[in-house]
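Here is my note on the model, point by point. Please read it with the structure open.

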Amino acid sequence: MTRVNDVMLLAASRAGGEVVPARAQMATTLGFHIILACLGIALPAIVLLAEFIGLRRRDETAMRLARHWSQAMGVLVAVGAVTGTVLSFEMGLLWPGLMRAYGAVLGFPFGVEGIFFFLEAIFAGIYLWGWRRLPGWAHWWSGVPIALSGVLGAISVIAVNSWMNTPGGFTQQDGQITAVKVWQVFFNHAAAYEMPHMILAAYMVTGFTVAGVYAAGILRGRRDRYHQAGFALGFVPAAVLTPVQIFVGDTAARAIAADQPVKFAAMEYVARTSRQVPEWLGGVYVNRRVYGGLKIPDMDSLLVGFGPGTQVTGWDTVPPAQRPPVVWLIHLCFDVMVGLGFGLLLIGLWALAAWWWRRRLPAQRVFWAAAAASGAAAIMAMECGWVVTEVGRQPWVVYRLQTTAAAATANGGVIASLTLVIVGYAVLGAATIVILRMLARRWRRGEAAEAAVPYGPRPVRTGEPASRPKS
Amino acid sequence: MTAADVVGGILLAGITLYAVLGGADFGGGLWDLLAGPGPRHLAPRVLIDDSITPVWEANHVWLVFDLVIFWTAFPHAFAAVMTTLAVPLWLAAAGIVLRGAGFAFRKELTEVRWRRVTGITFALSSLVTPFFMGTVIGAIATGAVPANASHASLAAWTSATALLSGFLFVAACGYLAAVYLVGEAARRGDRRMRAYFTRRAQAAAILAGALSLATLAALHGSNPALYDQLTGRALPLVVLAGVCGLAVVTLLAAGRLTGIRGIAALGVAAVIWGWGVAQYSVLLPGTAVTLSNAGAPDDTLVAIIVLVIVALLLIGPAFILLYRLQSRRLLGTDEAATLPAAVPADPPEPRASHDARKPQAS
């Protein structure tokens, strides 16, 4: 969801002052929040799908899944909302230079996002807590705005990030913004590929994560209909969207070769502008050499322009100070993202093949082990993608207009807040996972355990209706 | 009136809504903290939890909305505030995370020990955020934020005025929450809780009133110009705030609850608008930064105004729906409660398959 309040200014290191800890902190908080953001964007749709099947076919299992996921969503939405708010604070606390110079420009998409954040939070309040008293279909409809505003809110936030990559839509005189064309800011050039790429990523992360949880259960021998259905409801949408994502990602990479050639050069180890550029799979670039990679001749030129003679711009076109740091990190993250994307595609194809020939999901343990890992793989791929685009944009925060160093706060003590953030988020993340696992155990036991608890509110029981609501 | 003035008004309205809606949720945490340990003190906790649960996230969004309006419309002032007051703002953000997480986690836990830990986290952090937000507003009002701030300042938010303002915010949150909870208890016919929160609402009202006067007195020393306006052109609002506070205390004593929540909220709103009117058109007192020269061109300001109109059309009805469902007790997890008369007597449309089904193992 929610709280998708994030601009993606990220990690890696270089330069002096507070830039390094500020970037590390932004990377930590954003890298954490983005997982919850993905779940916020896509989980409502998957829960609604389950509830739809439950209502339409009077399917108890689907309904039970919807209720359980809704309860988990309650926890995730809360953590997502608050960690997203932290990012709003950090926009000013870590990057006052950016806000001072460009707040009037990049504020508009954030304002649009604000509307969707409101709708999401309001209808989440109705949907998550309306299970007992709202009539079935009315309850289902109350969830629809959450799913829609999750996507639209994410689009608004991505508008900001893509604007940072391809800024435009404003005029500036003597450092002052004098005119802003807000829709040009919103629908900037990179938005066309960043928006679908991230929305698809969110659906893949969520779908594979949900599927992964149930695949792990199936691996442990819980092969009942509940687990099969839980797996399928997450896996099918995610697997169907995977080839679409690969197509969008490929298009995006080609667009980046044109929009941000230096970033692209870092992604593909293109040191000098040339033709017949090879594609490096893996490998570490140190001292002007690539160690340990697999070299495919002419492949990069082919991918960029569909012919080996295509010229690809190298990072030699800009002075060293304007090149991104740690090129090998960018390249390896890019390769990991693409590799995991194809791995996820293979898992989907495997399931498809089994369904095609045998009308059932694969029986091999390897499949279920891979499926259990698919959630983590999707998250990893998504995080790597953010490292590529964010570190790849360095040293700029607003491409070719403002350096990250100029945007960062001059306040000392970011190291202190960074330390606290790392410790705090580690605890928060661990607690979230522990609580979700605890919920899962309770669902399996049929939640007989909670009697009166003498502290705090009544135990939550959205998971199972103990009895029909009285009237 | 310029576009910047309109957006300034929008920002102040956003702050007001955050204060009277989000503030009450923080105040709930205060009363949870003061409820005392153990089973005897379960009732207030349950009431607080029931009334906060479905709405706190939506109320919380006003803060994000306010931050966005602030940085979009007045980016120079925003950067100055975020730089100078970095420490209290970090602490407020930490409070927000801990409050939300603690509250959401506590519901799902069944072990008393962990409920205590998360409950105390929720309750304590509910004090932290309003307090530090209060010091931030206090620091701005005293003119402690320079226009071209480059470093955080400890002195800016530890002045007597800023600290008093922090305590005032906590008291005001507790006051709003207690008044709302009186109404909630009354609607449930819970006499004990009604009396319980009536006493607390009155105490909080007196404390908040005293702190308001103390803050005003401190302002006399720290920012005489603002003080003069508060006792000058903003005086009607200051008086309105006082009248509302006294009215709430009196009505509570008389046991008349009609409209009392609105009056309490109006009182808090009058304080905020009193500050706004007194300070107008200066954005950062003590500097030359005003609403109109704080950074954004007219295009941006007009876009914000249009956006806010669209927002009101979309989220206004949604909020009304949320609050109505909440007040009819159609939201929540409490199965023992009876449905209100407003709802048709027949049971909700059967989600038959699973509602009629026997619970798995209980």
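1. Ground rules. This is a predicted model: local features need pLDDT of at least 70, side-chain atom pairs count only at pLDDT 80 or more, and totals for chains, interfaces and linings use all residues. Residues are numbered from 1 along each chain as its sequence is written, while chains are lettered from A and ligands numbered from 1 in the order in which they are written.

2. Chain B, overall. Chain B has 13 helices and 0 strands; helices (H or I, at least four residues) and strands (E, at least two) are DSSP runs, numbered from the N terminus. Its radius of gyration is 22 Å, close to the 21 Å from the globule rule for 362 residues, so chain B is as compact as a globular protein of that length. That radius is taken over C-alpha atoms, and the rule is 2.2 Å times the number of residues to the power 0.38. Along the principal axes, the C-alpha atoms of chain B fill a box of roughly 70 × 45 × 40 Å.

3. Burial and contacts in chain B. Of its 362 residues, 59% count as buried. Buried means 20 or more other C-beta atoms within 10 Å of the residue's own, exposed 12 or fewer, partly exposed in between, with C-beta atoms placed from the backbone. Take contacts between residues at least 6 apart in sequence: 77% join residues at least 24 apart. A contact needs C-beta atoms, placed from the backbone, within 7 Å.

4. Helix H5 of chain B. H5(B) spans residues 86-108. Of its 23 residues, 22 are buried, so H5(B) is largely enclosed by the rest of the structure.

5. B:Val128. This residue lies in helix H6 (residues 112-141) of chain B. Why does B:Val128 count as buried? It has 22 C-beta neighbours inside 10 Å. Beyond four places in sequence, B:Val128 contacts B:Leu91 and B:Gly95.

6. The core. The largest nonpolar core has 301 residues. Such a core is a set of buried Ala, Val, Leu, Ile, Met, Phe, Trp, Tyr and Cys residues joined through C-beta atoms within 7 Å. A:Cys38, B:Tyr175 and B:Leu176 have the most contacts inside it. Leaving aside neighbours within four places in sequence, the contacts of B:Tyr175 include B:Gly27, B:Ala201 and B:Ala264.

7. In chain A, strands E1 (residues 170-173) and E2 (residues 176-180) run antiparallel, joined by 4 bridges. Pairing requires at least two DSSP bridges. A:Phe170 stands opposite A:Val180. The hairpin has 2 residues between its strands, and A:Asp174 in the turn has a positive phi of about 50 degrees.

Terms used. Contact = placed C-beta atoms within 7 Å. Expected span 1.5 Å × (residues − 1).
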